[in-house]
Each structure stands twice: as C-alpha cells, then as structure tokens.
Amino acid sequence: MTTDAFIGLGSNLENPAAQLAQAVAALASLPDSVLVAQSPFYASRPVGPQDQPDFVNGAVWLRTTLRPHELLDHLQTIEQRHGRERLRHWGPRTLDLDLLIFGSQTLADERLTVPHKELPNRDFVLQPLLDLEPALTLPDGRTVKELRQHCPDNDLRKLPPVAREPFTPS
C-alpha cells in the first residue's frame with residue numbers, strides 16, 4: 001500500500017542549506033519511495049537553547065510503500081551519514097529529519113509519534129507543509145492551514161532556492 005509521508009528537515013551546522021539539499025537528494029533515492037515535492041527552505045530562530053545559530057528548515061512529500069518504522073530507520077541513517085550527534089535536547093545539529101505525517105495514521109510508541117507532537121507549535125514546520133499541500137489535513141481533522149494561523153511566530157524567513165546536490169561524507 002502506498003502512503004503519503006511528509007518529512008521535516010532541519011539544520012543549523014556546517015552549511016545548513018547545503019545539508020538540507022543533500023538530504024533531499026538522499027530522500028529522493030530511498031527504496032520503495034518517490035519524491036513528490038520539496039518545499040522552499042526557511043530560516044528561523046532556534047527553539048530551545050538560544051546559544052546556537054539560526055536553523056534552516058524545509059519539508060518533503062514522499063509517496064512510499066515503506067512502513068513508518070522502516071522509513072524512520074532510513075531517516076536516522078541519513079542523519080548519521082551527515083554526522084548527526086545528539087548532544088543536547090533541541091541543540092545544534094548538522095541534520096534533523098522528522099517523520100511529521102504518515103498518511104492518515106496515528107502512531108505513538110517509544111520510537112515514533114505520528115503526527116509529530118510539536119507540529120502545531122512550529123511555524124518552520126507548518127509553512128513548508130503548506131507550501132507542499134495547501135489542503136493538508138491531520139488524521140484528527142485539523143488542517144495545516146488552520147494550525148499555521150494560530151502558531152507562534154519564530155521569525156520565519158524564506159530563503160532563495162538551493163540546488164539539490166549529492167551527499168559526500170567528509
């Protein structure tokens with residue numbers, strides 16, 4: 001069965017826009033998946049500790065036959081290839097990939113919560129989702145458009161387009 005999955009991307013280290021562009025290329029090559037669309041990238045203030053650089057965020061829309069945890073495993077592998085280290089909660093990172101929405105499924109276990117629990121509070125997640133699909137609705141019936149209208153402002157700034165490039169580990 002094919003499912004529409006929406007993935008959030010974020011980075012604030014080592015040329016964040018390039019990190020995201022390389023991540024999009026990696027996501028486009030996932031097995032049993034097709035990249036439907038990529039959002040523009042946005043810069044915003046960090047959530048949590050403010051002693052770090054601003055973040056660059058975006059989102060992609062995949063159509064996949066992978067199951068949610070299989071997709072999560074692939075996302076974490078891509079993060080590791082980008083040198084992701086989990087040193088501090090909401091701290092700086094080379095790459096963060098979050099499974100935001102997985103079709104109409106709701107899931108909550110020790111590894112994965114879908115829809116992503118912080119989605120309603122993050123303009124840097126909601127705006128890229130709106131760019132991908134203006135009519136996107138969560139499994140509980142709330143629309144992303146409605147959530148965006150009530151979301152706190154995080155100084156979101158749209159960035160110029162960045163070309164997709166292959167990832168080459170250092």
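Reader: Which residues of helix α2 are buried?

Author: Pro68, Leu71, Leu72, Leu75, Ile78 and Glu79 are the buried residues of α2. Buried means under 20% relative accessible area, exposed over 50%, and partly exposed in between (1.4 Å probe, protein chains only). Helices (H or I, at least four residues) and strands (E, at least two) are DSSP runs numbered from the N terminus. The model is predicted, so local features need pLDDT of at least 70 and side-chain atom pairs count only at pLDDT 80 or more, while totals for chains, interfaces and linings use all residues. Residues are numbered from 1 along each chain as its sequence is written, and side-chain values use heavy atoms, leaving out hydrogens and water.

Reader: What do the buried residues of α2 pack against?

Author: They pack against β1, α1, β4, β5 and β6 (107–108). Contact means heavy atoms within 4.5 Å.

Reader: Which residues of the largest nonpolar core touch the most other members?

Author: In soluble globular proteins, nonpolar side chains tend to be buried together. A nonpolar core is a set of buried Ala, Val, Leu, Ile, Met, Phe, Trp, Tyr and Cys residues joined through side-chain atoms within 4.5 Å. Here the largest has 24 residues, and Ile7, Leu9, Leu27, Val60, Leu71, Leu97 and Leu99 touch the most other members. At least two residues of this core come from each of β1 (3–11), α1 (16–28), β4 (55–64), α2 (68–81) and β5 (96–102). A second, separate core of 19 residues includes Phe6, Ala59, Leu132 and Cys151.

Reader: How many residues of helix α3 are buried?

Author: Nine of the 10 residues of α3 (residues 123–132) are buried, so this helix is largely enclosed by the rest of the structure. Its cover includes β1, β2 (33–38), β3 (42–44), β4, β5 and α4 (144–149).

Reader: Which peptide bond is cis, and which residue in the loop between α1 and β2 has a positive phi?

Author: Most residues other than glycine have a negative phi, and most peptide bonds are trans. The bond from Val114 to Pro115 is cis, with omega near -5°; Pro115 sits in the loop between β7 (113–114) and α3. Asp32, in the loop between α1 and β2, has a positive phi near 55°. Asp32 is exposed, with a relative accessible area of 53%.
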